[in-house]
Amino acid sequence: MFAVRSLVGLVLSGVFLVAGCSSPPVPPEVARVSSVPAPSSSVAAPASPSVASSVAREPLTVVLDPGHNGGNARRPDVIGAPVPAGRGKTKPCNTTGTATDEGYAEHAFNWDVAQRVGSLLEAQGARVVYTRADDSGVGPCVDERAAIGNRAGAAAVVSIHADGATAASARGFHVAYSAPPLNAAQGSPSVELAEAVRSGLLAGGFPLSNYLGSDGLAPRDDLAGLNLSERPAVLVECGNMRNAGEAAVMSSVDGRQRYAAAIADGVVAFLRNHAGF
């Protein structure tokens with residue numbers, strides 16, 4: 001009987017000993033974390049993204065070239081200097097541009113429209129590069145303007161101008177491209193860019209030129225910025241600043257916004273069809 005009681009005592013002592021060596025109570029905040037159930041083994045882990053989907057695509061670059069510059073008139077020595085124009089020729093670095101009969105300068109029109117086009121393209125996700133930083137400087141020369149587009153690897157280069165034809169009846173836009181082409185980019189890509197911008201301007205309600213080009217397109221071999229381009233490039237003459245009706249549109253904020261929207265629509269259409277935009 002003593003032996004049984006001793007055995008029971010030893011067992012109880014062992015139970016108390018084990019209880020005394022157990023870990024301290026788990027703090028409530030740790031308990032809450034550890035109480036979250038483990039994910040079910042039947043739920044598959046998320047698949048690793050593919051290389052193609054994990055790498056963000058670089059935005060396409062559009063170079064906008066607002067023709068002329070506000071300070072050109074004060075530096076005839078600079079803008080009159082000859083520079084390469086392609087096809088073995090030279091041309092003056094730049095010119096002052098034209099103006100309406102009321103004095104609204106082409107360089108100001110070009111600058112304003114280019115900024116508006118750029119804002120619209122950036123809103124669509126394009127990267128926009130301008131050939132000049134303001135409307136008060138001198139130049140750059142026409143060969144450097146082409147070089148800016150080449151260095152940027154532009155998907156499209158659009159030079160923005162307005163014409164100064166002296167005949168009052170002359171009106172309407174035309175889009176110039178380099179022809180005959182001097183490289184692959186000046187072939188079909190530039191023609192297709194010209195056609196897309198023409199379509200945008202027509203859809204915007206602007207009339208085709210009745211004095212230059214054919215059906216709104218003008219193949220040219222004398223424009224340095226186009227001849228020296230290694231990227232799809234066009235030059236848009238938005239209209240005739242000497243025509244009273246077109247001058248009024250160009251001189252208005254609403255008119256410049258209309259021009260910008262039409263040009264931007266054409267550029268976006270080209271990028272979507274030919275550059276995966």
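Colleague: Is valine 157 buried or exposed?

Modeller: This is a predicted model, where local features need pLDDT of at least 70, side-chain atom pairs count only at pLDDT 80 or more, and totals for chains, interfaces and linings use all residues. Residues are numbered from 1 along each chain as its sequence is written, and side-chain values use heavy atoms, with hydrogens and water left out. Buried means under 20% relative accessible area, exposed over 50%, partly exposed in between (1.4 Å probe, protein chains only). Valine 157 has 10% relative accessibility, so it counts as buried.

Colleague: Which strand holds valine 157?

Modeller: Strands (E, at least two residues) and helices (H or I, at least four) are DSSP runs, numbered from the N terminus. Valine 157 falls within residues 156-163, which make up strand 5.

Colleague: Which residues does valine 157 touch, not counting those up to four places away in sequence?

Modeller: Contact means heavy atoms within 4.5 Å. By that cut-off, the partners of valine 157 are Val63, Gly149, Leu193, Arg231, Pro232, Ala233 and Val234.

Colleague: How many residues apart are cysteine 93 and cysteine 141?

Modeller: Their sulfur atoms are 2.0 Å apart and form a disulfide (a pair of cysteine sulfur atoms within 2.5 Å). Cysteine 93 sits in the loop between strand 3 (89-92) and helix 5 (106-123), and cysteine 141 in the loop between strand 4 (127-130) and helix 6 (142-152). The pair links distant parts of the chain, at a separation of 48 residues.

Colleague: What is the handedness of the disulfide of cysteine 93 and cysteine 141?

Modeller: The torsion about the S-S bond is about -95 degrees. The disulfide is therefore left-handed.

Colleague: Where does pLDDT stay under 50?

Modeller: pLDDT is the predictor's confidence in each residue, from 0 to 100. The protein chain averages 85, and 79% of the residues score at least 70. Where pLDDT is low, the predicted coordinates should not be read in detail. The stretch under 50, with two contacts beyond four places in sequence, is residues 1-55.
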